[in-house]
Amino acid sequence: MGGDPDRAWVPFRPGVLDEEGRVVGSRCPSCEAHFFPARQVCSRCLAEDLEQVALSTRGTLYTYTVLHQAAPGFEVPFVLGYVDLPEGVRILGQVAGLEPHAVRIGMELDLHVEPFGEDEERRTIMGYRFRPEGARGG
Amino acid sequence: MGDVFVLGVGMTRFGKHPDRDATDLGVEAARAAIRDAGIDPRRIQGAYCGHVFQGMTTGQRVLAQIGLAGIPLANVENACSSGATAIREGYLSIRAKEHDVVLALGTEHLTTRFRGALTPDEDDVEAGVGLTMPGIYAMRARRYLEEYGVTREQLALIPVKNKRNAAQNPVAHFDEPVTLEQVLGSRPIADPLNLLDCSPVSDGAAAAILVSASVARSLGDGRAIRLAASALRTGTVESEPSSMTFEPLTRATALDAYERSGVGPEDVRFAEVHDCFSIAEALRVEGLGLFGQGEYLKAVEQGEADISGRLPVNPSGGLLGKGHPLGATGVAQVVEIVRQLRGEAGDRQIPDAKIGLAHCRGGKAAGVEGAACTVQMLVR
């Protein structure tokens with residue numbers, strides 16, 4: 001990941017998106033466990049030949065918070081939540097497109113790959129956010 | 001044999017120390033611990049220094065000020081368990097019969113390193129989407145309140161209790177109690193947690209002199225407290241989503257400590273636990289098996305965790321009240337427990353205190369259930 005100097009975009013952290021811009025994790029071919037972020041060795045069965053797989057794009061909100069204080073570069077308030085994907089992966093992301101009071105534990109959310117900003121070389125930094133089912137990315 | 005004892009303890013006041021640095025604070029704590037132990041400092045054979053953000057050679061800078069430069073020293077970084085890990089390294093070196101007398105130190109000048117909410121390491125994927133430490137615990141709190149049908153008001157009783165205890169502790173960051181209304185009315189940080197649900201950004205240092213059984217016998221005059229276990233674990237990688245209202249990491253570390261010490265949760269008289277946020281105290285004591293799952297807030301409401309209660313939790317004021325200078329925190333828990341077990345805790349004294357447990361847990365990395373967890377068992 002991030003190896004192509006001519007690509008017009010970069011992932012917000014190495015290894016979280018594939019070349020096609022999909023959110024990826026690891027799948028263990030021996031025991032079927034999935035991991036995010038990607039791992040080199042399966043922590044359930046210690047298999048070493050993990051495969052990169054694109055993750056599901058719809059999941060269930062496990063819990064969330066409204067942050068009123070955050071690191072520099074994050075405009076508050078914003079909603080942050082853990083979403084459980086069907087393959088058994090829990091992934092943290094911002095929940096966009098909903099007023100904080102409308103967010104509920106257990107709601108279905110879609111995973112959208114979206115720009116997070118620009119890096120020093122003016123390339124688009126790509127990341128992901130969760131949005132209500134059927135919403136269009138912002 | 002290979003028993004390990006705490007012979008002396010010392011700490012600075014925790015709080016904001018704008019005119020001091022981590023070295024200066026570390027020196028004060030180390031010298032206080034040496035004086036308290038009543039030991040010739042030339043007998044100290046090794047040292048371990050816990051810190052998180054103080055840069056290279058933090059421990060060496062302290063040793064250079066107190067005439068101990070030359071002895072082996074390792075600086076220890078293990079997130080919020082750094083100081084507790086320094087204690088454990090000292091414990092292991094004595095159990096291995098490499099040393100008889102060890103200085104375990106923790107120091108942090110956090111106010112010059114951090115402002116506002118702590119975050120996971122910047123490289124972490126979760127930090128990259130905006131996660132803060134209050135954010136993690138806020139999400140756990142929301143889930144806990146929903147699953148166990150307890151209220152925000154009950155949760156706020158934890159900071160009320162701990163700041164009340166801190167007001168009786170001369171080395172605590174906060175010296176005023178707070179009311180339930182003040183907790184509920186304080187500035188929102190990460191919903192449902194407010195400012196008074198969060199431990200403060202503090203500076204401070206704490207130190208302990210650990211000794212072998214033979215040194216304790218020759219010098220201890222009955223004041224030495226046995227460190228009956230010092231357990232450490234790292235959080236496991238989750239291969240499926242797990243409950244965020246229970247702490248397998250705390251449970252596993254506690255079981256190690258219970259097994260090693262031969263002391264079970266039913267024997268523990270009081271505990272100092274890692275209450276970095278109000279909800280954290282509930283998660284810790286339930287993970288430790290000291291209270292039933294989902295039952296802690298009700299127990300707090302009924303006074304069971306008060307200094308006068310059945311099982312006092314954080315009599316020092318905890319991180320919420322005493323303060324949280326990261327690297328110093330785990331050592332300061334041991335300072336409080338030793339003072340309680342010696343009967344030297346003044347207004348905070350727990351009657352008939354014979355067994356105390358200290359728990360630290362720190363750090364966060366994506367997909368891992370917490371980074372470093374320690375449980376120490378101290379027995380009079």
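**Notebook: chains A and B of a predicted model**

I began with a crossover in chain B and noted that β2(B), helix α2 (residues 58–65) of chain B and β3(B) make a right-handed β-α-β unit. Here right-handed means that, with the strands pointing away from the viewer, the path from the first strand over the helix to the second runs clockwise. I took helices (H or I, at least four residues) and strands (E, at least two) as DSSP runs, numbered from the N terminus.

Before going on I wrote down that this is a predicted model, in which local features need pLDDT of at least 70 and side-chain atom pairs count only at pLDDT 80 or more, while totals for chains, interfaces and linings use all residues. Residues are numbered from 1 along each chain as its sequence is written, and chains are lettered from A and ligands numbered from 1 in the order in which they are written.

**Strand β2 of chain B**

I asked which strands pair with β2(B), counting two strands as paired if DSSP finds at least two bridges between them. Strand β4 (residues 101–109) of chain B pairs with β2(B) in the parallel sense over five bridges, and in it B:L103 is the bridge partner of B:A47. Strand β3 (residues 73–76) of chain B also runs parallel to β2(B), joined to it by four bridges, with B:N75 as the partner of B:C49.

I then looked up burial, where a residue is buried if 20 or more other C-beta atoms, placed from the backbone, lie within 10 Å of its own, exposed if 12 or fewer, and partly exposed in between. Five of the five residues of β2(B) (residues 46–50) are buried, so this strand is largely enclosed by the rest of the structure. On one side I found B:G46, B:Y48 and B:G50, and on the other B:A47 and B:C49, so that both faces are covered.

**The sheet of chain B**

I traced an open sheet of nine strands in the order β3-β2-β4-β7-β1-β8-β11-β10-β9 (chain B), with mixed pairing. β3 and β9 (270–272) of chain B stand at the edges with a single partner strand each, so one side of each has no neighbour in the sheet. Elsewhere in the sheet, strand β1 (residues 4–11) and strand β7 (residues 203–212) of chain B run antiparallel and are joined by seven bridges, and the partner of B:G10 in β7(B) is B:A207.

I turned to chain A, which has zero helices and nine strands. Its radius of gyration, taken over C-alpha atoms, is 16 Å, close to the 14 Å that the globule rule (2.2 Å times the number of residues to the power 0.38) gives for 138 residues, so chain A is as compact as a globular protein of that length. Buried residues make up 35% of the 138 residues in chain A.

Last, I looked up the contact between the chains, counting two residues as in contact if their C-beta atoms, placed from the backbone, lie within 7 Å. The contact takes 32 residues from chain A and 28 residues from chain B. On the side of chain A that touches chain B, β5 (58–67), β6 (78–85) and β7 (89–95) of chain A are the elements that give two or more residues, and β5(A) gives the most, with six residues.
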